[in-house]
Amino acid sequence: MSDSGRHPLFLPAILVGGVVFGFGLGLSQMYRPEVVLRFLQLSDLGLLFVMGGASLVAGTAFTVLSRTGRRAPLTGTEFGKRLKTLDRNIVLGGGIFGVGWGLSGICPGAAYASLGVGNLPILYGVLGMFVGAYLQGYIRSLSSGAGHPTEEAA
Amino acid sequence: MGPETLLPNGIAHYLLGGLLIGAGTVVIYGATGITAGASTFLESTLSYVSGLPRFQQFRFTATRDWRVVFTLGIVLGGALYGLAFGEFGWTTDVQWWRLLGGGVLVGIGTRVGKGCTSGHGVCGVGSLSEASLLNVSVFVSIAVGTALTVQALGVSP
């Protein structure tokens with residue numbers, strides 16, 4: 001997807017999707033680290049309905065659109081699912097992410113929405129995420145020599 | 001424990017919020033075929049400022065502009081929510097070192113594990129991807145253990 005040849009509605013569609021996504025993070029209260037921590041401390045399990053509702057809606061659309069065999073109107077990309085290779089990194093990364101999520105109550109999408117609500121202290125968390133992503137990339141560059149494409153991340 | 005103790009705030013806003021998060025994902029997917037996650041933005045945005053080959057991969061440089069737009073959309077959506085529901089300007093009481101330290105681990109973990117709560121938790125689980133179901137079950141159980149431990153150590157908030 002280079003800049004040239006992109007459909008003029010490509011970026012507007014991404015923006016609209018992001019706004020709806022962020023509004024949902026607001027409504028679900030997941031933008032508050034306190035609410036996430038209460039879930040993780042097992043004192044309010046409401047967040048199960050956030051992830052359940054979101055993945056049900058997304059999963060239904062993925063399944064239905066994949067079966068049509070059609071292509072996305074703005075990109076011509078074939079509708080498919082999000083399938084990553086199952087390897088050790090899936091478990092290792094999930095474990096590291098879990099310690100961070102359990103310590104802070106923040107994850108990337110919720111942190112961006114929280115910033116939008118005006119929660120400026122969340123910038124500590126966003127800064128931390130950039131530092132973490134950089135550290136990970138820097139260390140991987142050292143160990144692999146070059147940034148050979150391992151697998152697409154989302 | 002009955003449902004009133006495990007769900008002291010009901011389920012309506014949680015479920016509606018979740019449905020909207022799913023709807024935002026579907027808007028992007030239906031228009032572009034992209035199963036968008038929020039955490040690749042970190043690496044793709046680093047490609048603007050870091051010359052490391054790791055960040056200069058095509059999959060980051062080719063997607064970094066729309067990932068910025070996606071993130072700005074999430075920020076804007078949060079702002080609209082805050083203004084509409086009178087919560088704009090709310091700030092967290094969770095201590096800065098927890099946000100910063102947790103953020104670093106979240107940044108490392110999502111990149112090692114190829115996704116986060118949106119990429120694996122929403123798109124991956126929605127795709128019934130085995131890798132995502134495993135990743136989510138690992139991070140939720142570890143996060144519960146971590147949060148309970150931190151709480152037991154008397155750290156609050």
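In this predicted model, helix α6 of chain A and helix α6 of chain B cross in a right-handed way. Their axes are 6 Å apart and meet at an angle of about 35°. Sorted by type, the residues of this contact come to 17 nonpolar, nine polar and one charged. Let's look at this pair, then at the other places where the two chains meet.

- Which helix of chain A holds Tyr124(A)? Tyr124(A) sits in helix α6 of chain A.
- Is Tyr124(A) buried or exposed? Tyr124(A) has 23 other C-beta atoms within 10 Å, and a residue counts as buried from 20 or more, so Tyr124(A) is buried.
- Leaving aside residues up to four places away in sequence, Tyr124(A) touches Trp96(B), Leu99(B), Leu100(B) and Gly103(B).

- Helix α1 of chain A packs with helix α5 of chain B, which covers residues 64-84. The axes of these two helices come within 6 Å and cross at roughly 40°.
- Because of that angle, α1(A) is oblique to α5(B).
- The crossing of α1(A) and α5(B) is right-handed.
- The contact of α1(A) with α5(B) draws on 18 nonpolar and nine polar residues, with no charged ones.

**The whole meeting of the two chains**
- How many residues of chain A are in contact with chain B? The count is 117 residues of chain A, in contact with 119 residues of chain B.
- On the side of chain A that touches chain B, at least two residues come from each of α1 (10-27), α2 (33-40), α3 (47-68), α4 (88-104), α5 (108-117) and α6 (122-144).
- Of these, α6(A) gives the most to that side, with 18 residues.
- That side of chain A divides into 69 nonpolar, 38 polar and ten charged residues.

**What the record says about chain B**
- An unreviewed UniProt entry lists residues 12-31, 66-84, 96-113 and 133-154 of chain B under "transmembrane region".
- In the model, residues 96-113 of chain B are 94% helix and 0% strand, and the end C-alpha atoms of this span lie 25 Å apart.
- Residues 133-154 of chain B are 91% helix and 0% strand, with 32 Å between the end C-alpha atoms.

Note on methods:
Residues numbered from 1 in each chain as written. Chains lettered and ligands numbered in written order. Predicted model: local features only at pLDDT ≥ 70, side-chain atom pairs only at ≥ 80, totals over all residues. Contact = placed C-beta atoms within 7 Å. Helix = DSSP H or I, 4+ residues; strand = E, 2+ residues; numbered from the N terminus. Nonpolar A, V, L, I, M, F, W, Y, C, P; charged D, E, K, R; others polar. Axes fitted to C-alpha atoms, helices over the stretch in contact; angles between N-to-C directions. Left-handed = near helix turned anticlockwise from the far one by under 90°. UniProt positions renumbered as here; feature names shortened; annotations may be inferred. Parallel < 35°, antiparallel > 145°, perpendicular 65-115°, else oblique. Buried ≥ 20, exposed ≤ 12 C-beta atoms within 10 Å, placed from the backbone.
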